[in-house]
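Please read these notes with the model open beside you. Take the points in order and find each residue as it comes up.

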Amino acid sequence: MASAGARLARLYISCSGVILRRSLSHAGMDDMGINTSRSCLERLEFDNVALKKLPLDPSTEPGVRQVRGACFSRVQPTPLKNPKFVAVSGPALALLGLDADEVLEDPLGPEYLSGSKVMPGSEAAAHCYCGHQFGQFAGQLGDGAACYLGEVKAPVDQSPELLHENPTGRWEIQVKGAGLTPYSRQADGRKVLRSSIREFLCSEAVFALGVPTTRAGLVVTSDSRVMRDIYYDGNPRMERCSVVLRIAPSFIRFGSFEIFKRADEFTGRQGPSYGHDEIRTQMLDYVIETFYPEIHQNHSDRIERNTAFFREVTLRTARLVAQWQCVGFCHGVLNTDNMSILGLTLDYGPFGFMDRFDPDFICNASDTSGRYSYQAQPAICRWNLARLAEALVPDLPPDRAEQVLDEYLPLYNGFYLSNMRKKLGLLRMEEPEDEMLITELMQTMHNTGADFTNTFRSLSQISCPTQQEGEDESEAIKQAAELLLQQCASLEELKAANRPTMDPRELAMLLSMAQSNPALFQMISDRKTVARQLERLSRLKELMDTTAEQLSAKQTEDWSRWIKKYRQRLARESESGVDVTDLQKERVHVMNNNNPYVVLRNYIAQNAIEAAENGDFSEVQRVLKVLEKPFSVQEGLEKPGWVGRGGVADSGERDETGEEGNTSGAEARVLVPYDSKPPIWANEICVT
């Protein structure tokens, strides 16, 4: 066997005496050593099946337009000026067979992976879809800033687990923020550093939590700039154009099937491909054959096949939202165009991980009605499934869809209870009373303003009762209550949290209008919104009449009551003769692998963003490392390495133009650990 060096030398000599023909295969070029001069990105093997199997818009007309009779449009990504890497995710890039260090060392890497330069085999396109936004059909939407670059063949040694999740053996790669497409509407097709870092970090954080999601391979920023009014207050500023590389088996969504919708009875809008029923059937066949091959193989009857497909999408969606609820994740914009046909978390915009537990938690400041609040997410996902079912008629008969939709709530409840039992360490038996125990826990957390993530993490420190405890039961409850009280809100924090978000004069006007002119009231508000404001007002009045000592006593009483029930339930886990020590050890292990030590709280993301806007990307990279192992404490990574201008640590750097980054808040920034409850300055963060 000749050495690699000798073989390479002979190949160079061989190549020097012939003219290479374009028809040579990749394998042939590899044998001749051609690939040795190509970078890892230039060696990626593309097989862009979606563009072969689904209709492609023949028009090359530039600018925004209605795209009829097509699922994709060819586009030309707009190059960035002087693109550079902010951070990369090694595990995400490994899906494509890429090594993060090689990518970082590639001088053309930032250009290729931002869409500024076309990789060999890549075909840039934008996907056409519609959507129901905040309950109303919006007509054509589509990839207004995202750009499909193609489908990369997975490496031959990809794990069986990944191949089970993605049976295609290909990964679609997409750049978000690459410029104008036919679907950009009034926007410019660009994304900035803030939104790109948030999507990058959260995609990888959600994956590490074990929740199905699209992935993010990296963030690129540049010297190109766009004007953005961050707070919508008439004070815009220039921000750096940035791009995030997204990876998934497919980015097809519920709204992809709504491009065939007839004119909506409320908005009058219709899908751009209304009447092209053959394309809907073609896309449905493609999705099932490609991403649900077992369903395709097991059903010869089309109606049975399509029903089985819808049932699987329903199951995946129910499981996904149950997982969101169990880690305190709120998506923020659960429109039908943001719902993955594969049951993945898709499109990270104004998302938020809950801090203080509040079932009415709204992470998107634009969602004034609370349509997409934390507690509304399970019902909204079912509503979106119903819209998908409507979009699949007649390929999916309505009566069959309704039968499947009836299965959604039991599925969701089953997934939620199963996850919650693990979070509470209830491993040996399932009791009907568990549901009430969980409900009472959530109510106690709400009443006391307890931190969602840290409270669940603390539960593993509450030990199983032993027969030897006897008279020490009250002491054990007291110690457990003191542990959980550390995660509760103060009186001032609860007052701030319960202040009505509506001006008192507006609320009074709406209350009067609800009585005098119900029709007008229905047009400008709803009873649920007003009831929520009145509830806040009532709670605030109660808190105004409460002292800090009274609140502490009430919180102690609430937690002691629940802990007593919890320990009684734990005692029944060992009634079958199981060794309590072994049970406790197993319980702590399971709980600490289901209750994260750290999540991407808004203040953590904001601190990393401000560092990056000041030219220091190290905090983004540091946060990524922390989030990649959310269930464990990593030595040396307990605290941020960068804190904003008012804090005890400040990089003191500016970006190349001398402009200061966005540093909100003039008060001192306190350096707090990543697993801490939010500092006071975090209250100023507003995500829309």
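**Notes on the model**

1. Start in a loop. Pro394 sits between helix 12 (377-391) and helix 13 (398-405). Helices here are DSSP runs of H or I with at least four residues, strands are runs of E with at least two, and both are numbered from the N terminus. The peptide bond from Val393 to Pro394 is cis, and its omega is near 5°.

2. A word on the ground rules. This is a predicted model, in which local features need pLDDT of at least 70 and side-chain atom pairs count only at pLDDT 80 or more, while totals for chains, interfaces and linings use all residues. Residues are numbered from 1 along each chain as its sequence is written, and side-chain values use heavy atoms, with hydrogens and water left out.

3. Now the whole chain. Its secondary structure comprises 25 helices and 13 strands. Along the principal axes, the C-alpha atoms fill a box of roughly 90 × 65 × 60 Å.

4. How much of the chain is buried? The share is 54% of the 688 residues. Buried means under 20% relative accessible area, exposed means over 50%, and partly exposed lies in between (1.4 Å probe, protein chains only). The accessible surface of the chain is about 30,700 Å², and 51% of that belongs to carbon and sulfur atoms. Such areas come from the Shrake-Rupley method with a 1.4 Å probe; for residues, only the protein chains shown count as cover.

5. Look at contacts next. A contact means heavy atoms within 4.5 Å. Take the contacts between residues at least 6 apart in sequence: 74% of them join residues at least 24 apart.

6. Charges come next. The chain has 76 positive and 95 negative charges, and their mean positions are 3 Å apart. Lys and Arg count as positive, Asp and Glu as negative; His and the chain ends are not counted. Each charge is placed at NZ of Lys, CZ of Arg, CG of Asp or CD of Glu.

7. Check two backbone angles. Phe134 is not a glycine, yet its phi is positive, about 50°. Find Phe134 in the loop between strand 5 (130-133) and strand 6 (136-140). Phe134 is partly exposed, at 34% relative accessible area. Arg185 also has a positive phi of about 50° and is not a glycine. Its loop runs between strand 8 (170-176) and strand 9 (191-192). Arg185 is partly exposed at 43% relative accessibility.

8. Is Leu346 buried or exposed? Leu346 is buried, with a relative accessible area of 1%. The residue lies in the loop between strand 12 (329-330) and strand 13 (352-353). Beyond its neighbours within four places in sequence, Leu346 has contacts that include Thr214, Phe251, His331 and Met339. Ile252 is 94 residues away from Leu346 along the chain, but their C-alpha atoms are separated by 9.9 Å.

9. Ser39 belongs to the loop between helix 2 (26-31) and helix 3 (49-53). Ser39 is buried at 17% relative accessible area. With neighbours within four places set aside, Ser39 contacts Asp106 and Tyr112. The C-alpha atoms of Ser39 and Asp106 are 7.0 Å apart, across 67 residues of chain.

10. Two helix residues follow. Met513 is in helix 19 (residues 504-516) and is buried at 12% relative accessibility. Residues up to four places away aside, Met513 touches Pro518, Leu520, Phe521 and Ile524. Leu534 lies in helix 21 (residues 527-544) and is partly exposed, at 35%. On the same terms, not counting residues up to four places away, Leu534 touches Leu507 and Leu511.

11. Finish with the cysteines. A disulfide is a covalent bond between the sulfur atoms of two cysteines. Here the test is a pair of cysteine sulfur atoms within 2.5 Å. How many disulfides does the structure hold? The count is zero. The sulfur of Cys686 is 11 Å from the closest cysteine sulfur, in Cys363, which is too far for a bond. Cys686 is partly exposed at 47% relative accessibility, whereas Cys464 is buried at 5%.
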